[in-house]
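Subject: Structure handover

Hello,

Here is the structure I said I would pass on.

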Amino acid sequence: MFSKRARLWLGLTAAAGLLSIASSCGPKPPDGDGGNGGEKTGKPLAVTGNEGTITGKVSFTGAAPEPKKIDTSADAACTSKSPNLLTEDWVVKDGKLANTFVYIKDGTLADNSKIGDYSFTAPSAAVVLDQNGCHYKPHVLGVVVNQNISITNSDPTTHNIHFMPANNPDWNQSQVNGAAALTHKLAHAEVLVPVKCNQHPWMKSYVGVLKHPFFAVSGEDGSFTIKGVPPGKYTVVAWHEGGAKGTEKTMEVTVPAKGAGTADFSFGATAALMGQPSSLEMMPALEVPMGMKH
Ligand SMILES: [Cu+2]
């Protein structure tokens, strides 16, 4: 039998142990989530019938970077299915830019409540990310926190999809030709999560994860529409992968009741050049050996 003192000591030790477990397993602070409020719980946003839209066009000003042909010779199955695979980091057609992720970062509704204070339920339908012709379709997509992403392999080869998030666990899975779809979801908001293939280094896509459903991706004509937006004043961000770590453009947009707020964005040659190893970056490295010759 334990003495009273020993039992008290055991009880305290157990309590302290539980406390340390609780603190080490606690939820991750929602930092780096694009300022959209992380996964704060709040009341669900009620549909009032006054919802409007945010629509716009994304343009590219100046000379558009030319897509480059990708060398797929490492996998003959890729070469035979996609003999002319092109880079998709800048998809520009008639001055309009595709694959721009546009989303509400912050905002105040007509009743002065903040969009970030509401809670949202993930849609039950999964978003499909297809590996097709040794590239991802779509190249950029958005999901709500905890919404399923269905990953399909439409190719006669093996892919290994690899999500490389900053605020969510790293995740990768091999998927052979003909394998069933894989399902993945991300529990924390993050704009945007880079996705690559460990088999085919040229394969890249980006997944925007938000706690709310107010996002869209610009199409080939540069247009996008964010639907079901409650009337209010919003900070809308357009993100494009071009540039050293992607490029963001921000705009304030007012959505009237049952109306449309407009947000036209423009990206340009500066961001396009930032994505490449520039001569400016090369110069300091060259200066050192030149100086040592003296
Ligand atoms: Cu692959």
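The mean pLDDT of the protein chain is 84, with 78% of the residues reaching 70 or more. Two stretches need care. Residues 8–38 have a pLDDT below 50, and this stretch has 22 contacts in the model beyond near neighbours in sequence. Residues 277–294 also stay under 50, and there the model has 1 contact beyond four places in sequence. Where pLDDT is low, the predicted coordinates should not be read in detail.

Overall fold

The protein chain contains 19 strands and 4 helices. It has 294 residues, of which 40% count as buried. Taking contacts with a separation of 6 or more, 65% are between residues 24 or more positions apart.

The copper site

Which residues coordinate the copper ion? They are H159 through ND1, C197 through SG, H200 through ND1 and M203 through SD, at 2.0 to 2.7 Å. The spacing of these donor residues in sequence is H-x37-C-x2-H-x2-M. H159 belongs to strand β9 (residues 159–163), while M203 sits in the loop between β12 (190–197) and β13 (204–210), so the pair ties together parts that are 44 residues apart in sequence.

Why is the arrangement around the copper ion tetrahedral? The 4 donor atoms subtend angles of 95 to 134 degrees, and four donors count as tetrahedral if all angles lie between 85 and 135 degrees. For comparison, the ideal angle for four tetrahedral donors is 109.5 degrees.

Are H159 and M203 buried or exposed? The cut-off for buried is under 20% relative accessible area. H159 has a relative accessibility of 0%, so it counts as buried. M203 is at 1%, so M203 counts as buried too.

S218 is found in the loop between β14 (215–217) and β15 (223–229). Its relative accessible area is 3%, so S218 is buried. The side chain of S218 reaches the backbone oxygen of L97 at 2.8 Å. Leaving aside neighbours within four places in sequence, the residues in contact with S218 include V58, A98, N99, T100 and F224.

N168 is in the loop between β9 and β10 (171–175). With a relative accessible area of 7%, N168 is buried. Which residues does N168 contact, apart from neighbours within four places in sequence? They are L186, A187, H188 and E190. With E190 there is a polar contact from side chain to side chain, at 3.0 Å. As for A187, it is 19 residues from N168 along the chain, and the C-alpha atoms of the two are separated by 6.9 Å.

S124 lies in the loop between β4 (101–109) and β5 (127–131). Exposed means over 50% relative accessible area, and S124, at 78%, therefore counts as exposed. S124 and N146 are 22 residues apart in sequence, and their C-alpha atoms are 9.7 Å apart in space.

Regards

How values were computed
Residues are numbered from 1 along each chain as its sequence is written. This is a predicted model: local features need pLDDT of at least 70, side-chain atom pairs count only at pLDDT 80 or more; totals for chains, interfaces and linings use all residues. Side-chain values use heavy atoms; hydrogens and water are left out. Donors are N, O and S atoms within 2.8 Å of the metal (3.2 Å for Na, K and Ca); water is not among the atoms, so sites may look incomplete. Four donors count as tetrahedral if all angles lie between 85 and 135 degrees; four count as square planar and six as octahedral if opposite donors are over 155 degrees apart and all others between 65 and 115; anything else is irregular. Helices (H or I, at least four residues) and strands (E, at least two) are DSSP runs, numbered from the N terminus. Buried means under 20% relative accessible area, exposed over 50%, partly exposed in between (1.4 Å probe, protein chains only). pLDDT is the predictor's confidence in each residue, from 0 to 100. Contact means heavy atoms within 4.5 Å. A polar contact is a pair of N or O atoms within 3.5 Å; within protein, one must be able to donate a hydrogen and the other to accept it, and residues adjacent in sequence count only if both atoms are side-chain atoms.
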